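Thanks for coming, everyone. Please bring up the model.

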Amino acid sequence: MQIFTELSKKPNLSLALGFFDGVHLGHKKVIKSAVDFAKRNGIKSAVVTFKEHPCCFFRGIGPKYILTREERLKHIEALGVDYVYLLDFNSKLCMLSAEDYLREVLVGNFSPKSISTGFNHYFGAKKSGNVTLLAEKQVEYGYKYFEIPPQKVFGKTISSTVIRELLSKGQIKNANEMLGYNFSITGEVVKGQQLGRTIGFRTANLIYPNELIDLPFGVYLTVVTLGGKKYQGVTNFGIRPTVSDSHKCTFETHILDFEKDIYGKYITVEFIKMIRAEKKFKSLNELKNQIIADVLSVKNSTNFT
């Protein structure tokens with residue numbers, strides 16, 4: 001998959017439009033619509049998206065994301081997309097009327113054979129463009145338009161906003177159902193205070209990405225991938241009130257039945273469910289007993305995949 005950070009003329013593409021935070025099940029339908037059309041017609045597919053959410057430009061602050069930009073691109077690539085246009089949302093783009101954006105940016109650069117969007121896609125100044133305009137302009141500009149209807153899980157329409165809300169409440173299972181994969185963090189294992197090993201529970205510490213949605217402080221059943229192999233994990237995300245007064249947030253995972261030194265290695269921690277909220281214990285011994293119970297709970301879980 002080729003990634004472009006500026007517009008360039010590549011005609012006869014099958015386009016998917018959207019920000020695609022999370023690349024959830026609804027987003028996948030939109031992107032696959034473009035990819036499938038491209039394959040049927042012997043042309044290339046492209047996703048036109050932005051580096052940051054458009055509201056960053058208008059409000060000076062964006063939402064907390066579900067995926068880092070790097071992970072978002074990996075998920076898009078996995079769907080078979082040929083090109084991604086990862087653009088800056090700037091004053092020039094945001095001032096264009098919907099029809100000017102369609103004519104000058106999309107048609108002018110890509111001469112698209114098809115355009116796919118979600119049912120709630122908006123574009124152009126003041127969100128003046130929508131699915132109706134895209135459908136109306138098909139004949140004039142020579143593309144086929146595909147509007148992907150709402151995708152639902154347990155009766156709720158899938159959206160990045162709903163998924164962020166679920167994650168922020170610790171409702172991991174429901175969020176994962178909407179995503180179509182497990183919410184996860186990938187990063188390099190760094191050194192912490194190494195307190196865990198003094199009570200018999202070594203941990204792999206990662207730096208939680210600042211741009212991602214914050215989970216509730218607590219203990220989670222997780223799956224850790226290292227070197228292509230999966231392990232059960234118990235992850236604590238929080239400020240460790242029993243052993244620290246700094247209020248510094250940490251993200252540490254005890255990998256079950258694993259004792260190797262993995263500092264500097266990259267691991268992926270997938271969240272399966274929240275076990276309990278973080279709490280302050282009266283002593284290290286009480287904390288240790290709770291960790292033993294947490295580990296036993298994970299070992300007995302049927303959620304390991």
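**The fold in brief**

Start with the contacts, meaning heavy atoms within 4.5 Å. Of the contacts in the protein with a separation of 6 or more, 73% are between residues 24 or more positions apart.

A word on where this comes from. This is a predicted model: local features need pLDDT of at least 70, side-chain atom pairs count only at pLDDT 80 or more, and totals for chains, interfaces and linings use all residues. Residues are numbered from 1 along each chain as its sequence is written, and side-chain values use heavy atoms, with hydrogens and water left out.

Now the parts list. The protein has 10 helices and 14 strands. Helices (H or I, at least four residues) and strands (E, at least two) are DSSP runs, numbered from the N terminus. There are 305 residues in the protein, and 49% of them are buried. Buried means under 20% relative accessible area, exposed over 50%, partly exposed in between, with a 1.4 Å probe and protein chains only.

**The parallel sheet**

What is the strand order in the open sheet with parallel pairing? The order is 1-4-3-2-5-6, across 6 strands. Two strands pair if DSSP finds at least two bridges between them. Strand 1 (2–4) and strand 6 (144–148) are the edge strands, and each pairs on one side only. On average, neighbouring strands here are turned by 20° against each other, direction ignored.

Look at strand 2 and strand 3 (residues 44–50). They pair in the parallel sense over 5 bridges.

Two helices to note here. Helix 1 packs on the sheet and touches strand 2, strand 3, strand 5 (114–118) and strand 6. Its direction makes about 175° with that of strand 2. Axes are lines fitted to C-alpha atoms, for helices over the stretch in contact, and angles run from 0 to 180 degrees between N-to-C directions. Helix 5 lies across strand 2, strand 3, strand 4 (83–87) and strand 5, at about 140° to strand 2.

Phe-20 is in the loop between strand 2 (13–17) and helix 1 (25–41). Phi there is near 65°, a positive value in a residue other than glycine. Most residues other than glycine have a negative phi. Is Phe-20 buried or exposed? Buried, with a relative accessible area of 3%.

Compare Phe-154, in the loop between strand 7 (152–153) and strand 8 (156–157). Phi of Phe-154 is also positive, near 40°. Phe-154 counts as partly exposed, because its relative accessibility is 43%.

How many bridges join strand 12 to strand 13? There are 6, and the two strands run antiparallel. Among the residues involved, Gly-233 has Ile-255 in strand 13 as its bridge partner.

The buried residues of helix 10 are Leu-287, Ile-291, Asp-294, Val-295 and Val-298. They sit on the same side of helix 10, because they cover an arc of only 100° around the axis. That arc is taken from the directions from the helix axis to the C-beta atoms.

**The cores**

Last stop. A nonpolar core is a set of buried Ala, Val, Leu, Ile, Met, Phe, Trp, Tyr and Cys residues joined through side-chain atoms within 4.5 Å. The largest has 77 residues, and Ile-31 and Phe-183 have the most contacts inside it. Helix 5 (residues 98–110) gives the most to this core, with 7 residues. Apart from it lies another core of 11 residues, including Val-219, Leu-221, Val-223 and Val-295.

Phe-183 deserves a look. Leaving aside neighbours within four places in sequence, its contacts include Ile-66, Leu-167, Tyr-208 and Phe-271.
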